[in-house]
Amino acid sequence: MTKHYVIMGICGCGKTTAAQTVQQHLHCAYAEGDDFHTQVNRDKMGAGIPLTDEDRQPWLENLRDWMSEQAKNGAKHSVVTCSALKKAYRDILRGAEGEVYFIHLSPPIELNRDRMAARQGHYMKASMVDSQLAILQPLEPDERGIVIDNAGAADEVAADIRRWLDSNH
């Protein structure tokens with residue numbers, strides 16, 4: 001059965017870097033969640049307008065379908081990045097064929113703000129941190145996954161993720 005790893009968290013938490021760690025460690029397919037947004041969604045976020053649940057629905061379904069496609073193709077693992085801020089969003093992703101695990105990156109908020117302020121040429125703006133925090137629902141006990149709250153360098157976070165993967169999967 002395919003095991004899917006969703007790297008989740010608010011903007012600037014390090015999802016892309018962490019996903020690349022998982023991809024290299026497990027030698028699996030990787031999808032950058034941002035690539036699955038519609039242009040309308042990108043334009044809204046670029047203008048600093050938070051997405052609604054309705055805006056996110058097709059995005060989440062596209063990610064879920066990509067994960068299911070990996071399973072249908074016989075993949076052992078896959079990894080995707082997706083903010084997955086609400087449990088309802090994670091419920092959609094959990095609908096993928098296979099087992100879905102969440103790796104919630106949760107560094108200190110000021111680190112997220114600093115990272116977002118330093119980004120160049122990305123449609124997500126630093127102001128989006130607050131709107132994402134406002135709707136973030138942490139993983140619940142019945143959800144498979146782990147919270148990584150390491151505020152260290154990317155290689156330290158990667159080591160934490162690899163330890164969890166090796167001990168649990």
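**Notebook: strands, a histidine, charges and cysteines**

I began with a strand pairing: Val6 has Phe102 in E4 as its bridge partner. Before going on I noted that this is a predicted model, where local features need pLDDT of at least 70, side-chain atom pairs count only at pLDDT 80 or more, and totals for chains, interfaces and linings use all residues. Residues are numbered from 1 along each chain as its sequence is written, and side-chain values use heavy atoms, with hydrogens and water left out.

**Entry 1: strand E1**

I looked up how E1 and E4 run, and they are parallel, joined by 6 bridges. My rule for pairing is that DSSP finds at least two bridges between two strands. Strands (E, at least two residues) and helices (H or I, at least four) are DSSP runs, numbered from the N terminus. E1 also pairs with strand E3 (residues 77-81), again in the parallel sense, over 5 bridges. On that side I picked out His4, whose bridge partner in E3 is Ser78.

How many residues of strand E1 (residues 3-8) are buried? I get 5 of its 6, so I put the strand down as mostly covered. For the cut-offs, buried is under 20% relative accessible area, exposed is over 50%, and partly exposed is in between, with a 1.4 Å probe and protein chains only.

**Entry 2: His104**

Next I went to His104, which sits in strand E4 (residues 99-105). Is His104 buried or exposed? It is buried, at a relative accessible area of 4%. I then listed what His104 touches, leaving out residues up to four places away in sequence: Met8, Gly9, Leu136, Leu139, Ile146, Val147 and Ile148. Contact here means heavy atoms within 4.5 Å.

**Entry 3: salt bridges**

I searched the whole structure and found 9 salt bridges. The test is a side-chain nitrogen of Lys or Arg within 4 Å of a carboxyl oxygen of Asp or Glu.

One of them joins the side chains of Lys44 and Asp55, 2.7 Å from N to O. Lys44 is in helix H2 (residues 39-46) and Asp55 in helix H3 (residues 53-72), so this pair ties together parts 11 residues apart in sequence. I have Lys44 as partly exposed at 22% relative accessibility, whereas Asp55 is buried at 16%.

Then I checked Glu143 and Arg90, whose side chains form a salt bridge at 2.7 Å, N to O. This pair links distant parts of the chain, 53 residues apart: Arg90 is in helix H4 (residues 87-94), while Glu143 is in the loop between helix H6 (128-135) and strand E5 (145-148). Both Glu143 and Arg90 are buried.

Asp91 and Arg94 also meet in a salt bridge, at 2.3 Å from N to O. Both lie in helix H4, 3 residues apart, or about one turn of the helix. Asp91 is partly exposed at 41% relative accessibility, and Arg94 is partly exposed too, at 27%.

Which residues are linked with Arg90 in a network of salt bridges? I noted Asp91, Arg94 and Glu143.

**Entry 4: cysteines**

Last, I looked for disulfides. A disulfide is a covalent bond between the sulfur atoms of two cysteines. With the cut-off set at a pair of cysteine sulfur atoms within 2.5 Å, I count 0 disulfides.
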